[in-house]
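Visitor: I have a model open and would like to go through it with you, piece by piece. Could you take my questions as they come?

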Amino acid sequence: MNMVGRKLKSWWEIGFVAVLVLAILSCTILEKDGFRFPRAESTTEAGYPTPLSGHPITLTPVILKTDDDSVRIYPEFYVPGDESLGSDEMRITVLGSGGPAPVRRAQAASGYLVELGNGDNFIFDIGPGTAGNLYSMGVHPALLDKVFIAHLHLDHVGGIFPLFDAMGWARNTPLHVWGSSGSSPELGIKAFTENVRKAAEWHVQSKQNLLPTGGTVIVPHEVDVSLFSPENPRQLVYDENGVQIFAFPVVHTIDGSMGYRLEWNGLSFAYTADSEPSVFEAEQSQGVDVFIHEVFPSPEEFAALTKMPLEHAENALGEHTLPDELGVVFSIAKPGIGIGSHFTLGDALIDSAFASIKTTYDGPVALAHDLTVINVTPEQIVLRQAKTDLLAEVPEAPDLEGVDMNPGLPSESVRPDWLTETRIQH
Ligand SMILES: [Zn+2]
Ligand SMILES: [Zn+2]
């Protein structure tokens, strides 16, 4: 009797503690749920923050660049609209950290937003799923008109339609898109943007008499890749308002894949998208504050993840960079922080990737996650996760001078009268 009584008491105690723990966990989860952190704070076995736990996946979220310890202290999370960007500051946001297969709810494909303290904004790649993250960042679409495409794989450009579709309701000026010439015209950014515009013909004609038409234009800026050589390793492709952006070739599938390096106000950012590890890209990215480079798991892990035969996984990964190879690239480039991206996140994969990177690199390193935000100043580099509203509204429109807000002429395509006459009048 006594034994049974004791047992019952201990089960009751266990139940009470379990309910208490669940209550605490669910409070944490509920508090964050509207901001896309559905997991409670937790770490992997090796101690890295888990995906969706609200923290960037790194053990070095703050990197001091000077001995001055009177640096700016940031709130725990970046909340768009709550923080102004310093006039000497750069903010990089991961819009899509995922790999090519498949796009996941919590990992869009490739895309990065770079905001500068001078008011300029740049987008690097616009892969599938990135637009929702982009529009949750509190930047009006009228100010998002400069896109730099690393290469024309669809996981890097497949999200261009939602960006183009800001026409009329938000962006009423042309969308400027930089990219490579490819080795022949049909493989270049000019052909790509012309085809995007052609594919949107019905869309444009259906709205051209209703909304301003200035946003229906895409202006390509083609980088002639035939000009690259060991003697001419990079080309200045953008030079305005104190911002310089250089393009350089990278080793990835056929001719025409590029990386970019942005320099402004003594701060710098390099992005090489997809590439096999090469000394060349490491040298072109040397000494930048933030270097974002792809990284893939091992062929065995990738085969298990994608359910593809190991042989196919090995073929695919031949065009990419493994974690220990990423470490070699970072050890040559020596960035303020090296960030591996394009990586399908998972707790076990995170630990094995960092373990492998560590065999070749001992500097600050992170794995990108959607909405990881990196603030860069002359004094420090700080990584956090953004809390963006799942129901974010469009911010106030900026005043843009000289923008023609007049709608155009109607399309000649008219639906039949009989169909229009069925409209319910009340
Ligand atoms: Zn690619
Ligand atoms: Zn890719």
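Visitor: Which residues point one way from β16 and which the other way?
Guide: Thr372, Ile374 and Val376 point one way from β16, Val373 and Asn375 point the other way, and all of them are buried. A residue is called buried if 20 or more other C-beta atoms lie within 10 Å of its own, exposed if 12 or fewer do, and partly exposed in between, with the C-beta atoms placed from the backbone. Strands such as this one are DSSP runs of E with at least two residues, helices are runs of H or I with at least four, and both are numbered from the N terminus.

Visitor: Before we go on, what kind of model is this, and how are things numbered?
Guide: This is a predicted model, in which local features need pLDDT of at least 70 and side-chain atom pairs count only at pLDDT 80 or more, while totals for chains, interfaces and linings use all residues. Residues are numbered from 1 along each chain as its sequence is written, and chains are lettered from A and ligands numbered from 1 in the order in which they are written.

Visitor: Back to β16, then: why is it largely enclosed?
Guide: Strand β16 covers residues 372-376, and five of its five residues are buried, so it is largely enclosed by the rest of the structure.

Visitor: And what does β16 pair with?
Guide: β3 and β16 run antiparallel and are joined by four bridges, with Arg91 standing opposite Asn375 in β16. β16 also pairs in the antiparallel sense with strand β17 (residues 380-385), over five bridges, and there Val376 stands opposite Ile381 in β17. Two strands count as paired if DSSP finds at least two bridges between them.

Visitor: How many residues sit between β16 and β17?
Guide: Three residues lie between them, and the two strands form a hairpin.

Visitor: What is the strand order of the sheet they belong to?
Guide: The order is β2-β17-β16-β3-β4-β5-β6-β7-β8, an open sheet of nine strands with mixed pairing. At its edges stand β2 and β8 (218-223), each with a single partner strand, so one side of each is left without a neighbour in the sheet. Neighbouring strands here are turned by 20° against each other on average, direction ignored.

Visitor: What happens over at the β8 end?
Guide: β7 and β8 run parallel and are joined by six bridges, and Ser180 stands opposite Val223 in β8. Helix α5 (residues 189-199) lies across β7 and β8, running at about 165° to β8. Such angles run from 0 to 180 degrees between N-to-C directions, and the axes are lines fitted to C-alpha atoms, for helices over the stretch in contact.

Visitor: Changing topic, what order do the strands of the eight-stranded sheet have?
Guide: That open sheet has the order β1-β15-β14-β13-β12-β11-β10-β9, again with mixed pairing. Its edges are β1 (57-58) and β9 (235-240), each with a single partner strand, so one side of each is left without a neighbour in the sheet.

Visitor: Is β13 in there mostly covered or uncovered?
Guide: Strand β13 (residues 290-294) is mostly covered, with five of its five residues buried. Val290, Ile292 and Glu294 point one way from β13, while Phe291 and His293 point the other way. Strand β12 (residues 267-271) pairs with β13 in the parallel sense over three bridges, and the bridge partner of Tyr271 is Ile292 in β13.

Visitor: Which helix lies across β13?
Guide: Helix α10 (residues 323-333) lies across β13, β14 (337-341) and β15 (365-367), running at about 155° to β13.

Terms used. Contact = placed C-beta atoms within 7 Å.
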